[in-house]
Amino acid sequence: MACDGYYTVLIIPLQNSLYSPDALHCFHLLKRRRDLERQKDILWAGLQVLEQTQLWYQKRLKLNLQRQVSLSTGGLDGEGRWSCALRSCMQRVNGSLGNLMSDTCVWNNLAPEKSGGSDWDLRWSNATLVKEVIQQNQQISMLELEKAQLLQQLVSYSTPE
């Protein structure tokens with residue numbers, strides 16, 4: 001389990017500016033690593049809760065068995081109302097866990113490598129493509145400006161003075 005307050009400091013010298021593709025890629029890599037660490041911490045905490053819940057369920061199963069035996073021998077069941085409230089709560093918990101296990105969106109997000117890439121990979125690709133589009137738009141603007149200048153020169157040469 002990850003320890004609270006434990007951090008790794010990583011200093012990466014960049015050859016270019018802070019906004020270079022290398023810097024952006026490094027930044028996204030670090031963010032993805034941080035997100036994975038957070039996910040690991042949450043999963044460990046959930047596992048601890050599940051282990052405690054498993055022990056609680058086992059204890060409740062033993063108590064239930066004892067109550068069934070005592071009821072069959074003529075004992076009285078004094079937990080009728082409590083059992084109804086507890087049963088309702090346990091059904092909600094079981095339903096929530098069942099929904100979590102069957103939710104395909106959750107499972108797809110837990111294993112992004114299997115689905116063809118993570119969110120950060122898509123963002124990195126998007127940033128790279130946006131940069132290329134901006135460069136191409138600038139080239140188109142320059143060519144259109146040159147075209148307008150050439151047309152203006154052509155019109156000035158073709159008009160008799």
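I call a residue buried when its relative accessible area is under 20%, exposed when it is over 50%, and partly exposed in between, with a 1.4 Å probe and only the protein chains counted.

**Entry: what I am looking at**

I note that this is a predicted model, in which local features need pLDDT of at least 70 and side-chain atom pairs count only at pLDDT 80 or more, while totals for chains, interfaces and linings use all residues. Residues are numbered from 1 along each chain as its sequence is written, and side-chain values use heavy atoms, with hydrogens and water left out.

**Entry: the aromatic rings**

I looked up Trp56 and found that it counts as partly exposed because its relative accessibility is 35%; Tyr57 is also partly exposed, with a relative accessible area of 22%. For pairing, I took rings of Phe, Tyr and Trp (its six-membered ring) whose centres lie within 6.5 Å, calling them stacked when the planes are under 30 degrees apart, edge-to-face when over 60, and tilted for the rest. By this rule I count one aromatic pair. The ring centres of Trp56 and Tyr57 lie 5.5 Å apart and their planes stand at 80°, so I wrote this pair down as edge-to-face.

**Entry: the overall fold**

How many helices and strands does the protein chain have? I find four helices and zero strands, where helices (H or I, at least four residues) and strands (E, at least two) are DSSP runs numbered from the N terminus. Read from the N terminus on, the elements run α-α-α-α. Of the 161 residues in the protein chain, buried ones make up 6%. I then turned to contacts, meaning heavy atoms within 4.5 Å: among those between residues at least 6 apart in sequence, 60% join residues at least 24 apart.

**Entry: salt bridges**

I searched the whole structure for salt bridges, each being a side-chain nitrogen of Lys or Arg within 4 Å of a carboxyl oxygen of Asp or Glu, and the search finds two. In one of them Asp35 is joined to Arg34, with the closest N and O atoms 3.5 Å apart; Asp35 is partly exposed at 29% relative accessibility, and Arg34 is partly exposed at 38%. Lys40 forms a salt bridge with Glu37, and here the closest N and O atoms are 3.4 Å apart. Both Lys40 and Glu37 lie in helix H1 (residues 21-72), three residues apart, which is about one turn of the helix. Lys40 counts as partly exposed at 33% relative accessibility, and Glu37 counts as partly exposed at 38%.

**Entry: cysteines**

I looked for disulfides, taken as a pair of cysteine sulfur atoms within 2.5 Å, and the structure holds zero. Is Cys26 buried or exposed? Cys26 counts as buried because its relative accessibility is 15%, whereas Cys89 is partly exposed, with a relative accessible area of 33%.

**Entry: the surface**

I noted that the protein chain exposes about 14,300 Å², with carbon and sulfur atoms supplying 61% of it; such areas come from the Shrake-Rupley method with a 1.4 Å probe, and for residues only the protein chains shown count as cover. Patches are made of residues with over 30% relative accessible area and no salt bridge, joining like charges within 9 Å and nonpolar side chains (Val, Leu, Ile, Met, Phe, Trp, Tyr) within 5 Å. Leu50, Val93, Leu97, Leu100 and Met101 make a nonpolar surface patch of about 420 Å². Helix H2 (residues 80-102) gives the most to this patch, with four residues. Val93 is found in helix H2, and Val93 counts as partly exposed at 36% relative accessibility.
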